[in-house]
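Subject: Structure for you to look at

Hello,

Here is the structure we talked about handing over. Please open it alongside this message.

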Amino acid sequence: MTMDGKFFGVGVGPGDPELLTVKAVNAIKNSNVIIAPKTEKKEGSVALQIAEPYISDAKIIFQTFPMVKNFEESQEIFQHNANQILECLRAGKNVSFLTLGDPMFFSTYIYVYEILKNSGAQIETISGVPAFLAIASHVGRAAYGNDIVTIIPATAPKEKIVDALKFSDATVLMKVYKNFSEIVELLESENMVENAVLVSRYGLDDEKILHDVKAHQSDKLNYLSTILTRRTK
Ligand SMILES: C[S@@+](CC[C@H](N)C(=O)[O-])C[C@H]1O[C@@H](n2cnc3c(N)ncnc32)[C@H](O)[C@@H]1O
């Protein structure tokens, strides 16, 4: 079956609408349909909120996605959402799927892309500014010379996190909202707690920056929270 519409996976950056690329804005403006992903627990879509200034008369479709711990278990929902996208493409509509940060970096988009890539659809994935890099610039953290910088999802098994911290000069910890207290302990044992900075909801109206993570160890964090740190010795 022919598909005249084009599918764009659009990275909208982490929060500030001025951090979308020109390419991302053009894709959104040239789309008839905007897919706004949201999770089962939340009403709105942060990605949509960020892209809103660039959307005029496109149809907005909210698609609910489960948190992907096990893609196999949630495959039906992904397939259903992919089919809805294919229907739009077959009807000749251009479709932009909005993604927080970069689309190929820890995102729901990856699973939609995996389903659609062999469907015959024309696909263009448009890179976005990943949250950790925007945050690094915002709080003045850098990677120097021969630094080994790791990116660790705090949802990974504890032994793997410890191993990764041991060989890192600096590190980025993502998804720290669930086990923040345990992560602070691990950073302390690796001499990485003093230099830690935690940024929640960067670029959004309720952004928060914490420099003393130890003092806030028992705080409840928002899902959009990232820690940047480096070893003190
Ligand atoms: C599913 S990942 C999405 C990553 C995204 N694709 C990117 O390129 O940054 C979600 C994690 O990204 C980080 N994150 C995304 N947006 C953020 C923001 N505005 N402020 C702080 N952390 C953010 C947090 O660590 C959050 O738990």
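Below is what was found in it, going from the whole chain to single residues.

The model is predicted, which should be kept in mind throughout.

Overall build

The chain contains seven helices and ten strands. Its radius of gyration is 19 Å, close to the 17 Å given by the globule rule for 233 residues, so the chain is as compact as a globular protein of that length. Along the principal axes, the C-alpha atoms fill a box of roughly 60 × 35 × 35 Å. Buried residues make up 37% of the 233. Among contacts in the chain with a separation of 6 or more, 70% are between residues 24 or more positions apart.

Domains

There are two domains in the division of the chain: domain 1 covers 6–126 and domain 2 covers 131–230. Their centres, taken over C-alpha atoms, lie 27 Å apart. The contact between them involves seven residues of domain 1 and eight residues of domain 2. On the domain 1 side, the touching residues are three nonpolar, three polar and one charged.

Cores

The largest nonpolar core has 30 residues, and the members that touch the most others are V10, V12, I85, V95 and L98. Several elements supply at least two residues each to this core, including the strands β1 (6–11), β2 (33–39) and β4 (95–99) and the helices α1 (22–29), α2 (46–51), α3 (75–90) and α4 (109–116). The largest share comes from α3, with five residues.

Leaving out residues up to four places away in sequence, V95 touches G5, F7, F8, S31, V33, I35, I85, C88 and L89. A second core is separate and has 28 residues, among them A154, I161, L187 and M192.

Single residues

Two residues stand out for their backbone angles. Most residues other than glycine have a negative phi. N191, which is not a glycine, has a positive phi of about 55°. N191 sits in the loop between α7 (180–189) and β8, and counts as partly exposed because it has 14 C-beta neighbours inside 10 Å. R201 is likewise not a glycine, and its phi is positive at about 50°. The loop that holds R201 runs between β8 and β9. R201 has 19 other C-beta atoms within 10 Å and is therefore partly exposed; the cut-off for a buried residue is 20 or more.

Three further loop positions are listed for orientation.

- D212 lies in the loop between β9 (208–210) and β10. D212 counts as exposed, with 12 C-beta neighbours inside 10 Å. Its C-alpha atom is 7.2 Å from that of V197, although D212 and V197 are 15 residues apart in sequence.
- S119 belongs to the loop between α4 and β5 (122–126). With 15 other C-beta atoms within 10 Å, S119 is partly exposed. S119 and A164 are 45 residues apart in sequence, and 38 Å separate their C-alpha atoms.
- G140 is placed in the loop between α5 (131–139) and β6 (149–153). G140 has 7 other C-beta atoms within 10 Å and is exposed. From G140 to L89, 51 residues apart along the chain, the C-alpha distance is 43 Å.

Regards

Terms used. Residues are numbered from 1 along each chain as its sequence is written. This is a predicted model: local features need pLDDT of at least 70, side-chain atom pairs count only at pLDDT 80 or more; totals for chains, interfaces and linings use all residues. A nonpolar core is a set of buried Ala, Val, Leu, Ile, Met, Phe, Trp, Tyr and Cys residues joined through C-beta atoms within 7 Å. Helices (H or I, at least four residues) and strands (E, at least two) are DSSP runs, numbered from the N terminus. Two residues are in contact if their C-beta atoms, placed from the backbone, lie within 7 Å. Domain bounds come from an automatic or database domain assignment. Ala, Val, Leu, Ile, Met, Phe, Trp, Tyr, Cys and Pro count as nonpolar, Asp, Glu, Lys and Arg as charged, and the others, Gly among them, as polar. The radius of gyration is taken over C-alpha atoms; the globule rule is 2.2 Å times the number of residues to the power 0.38.
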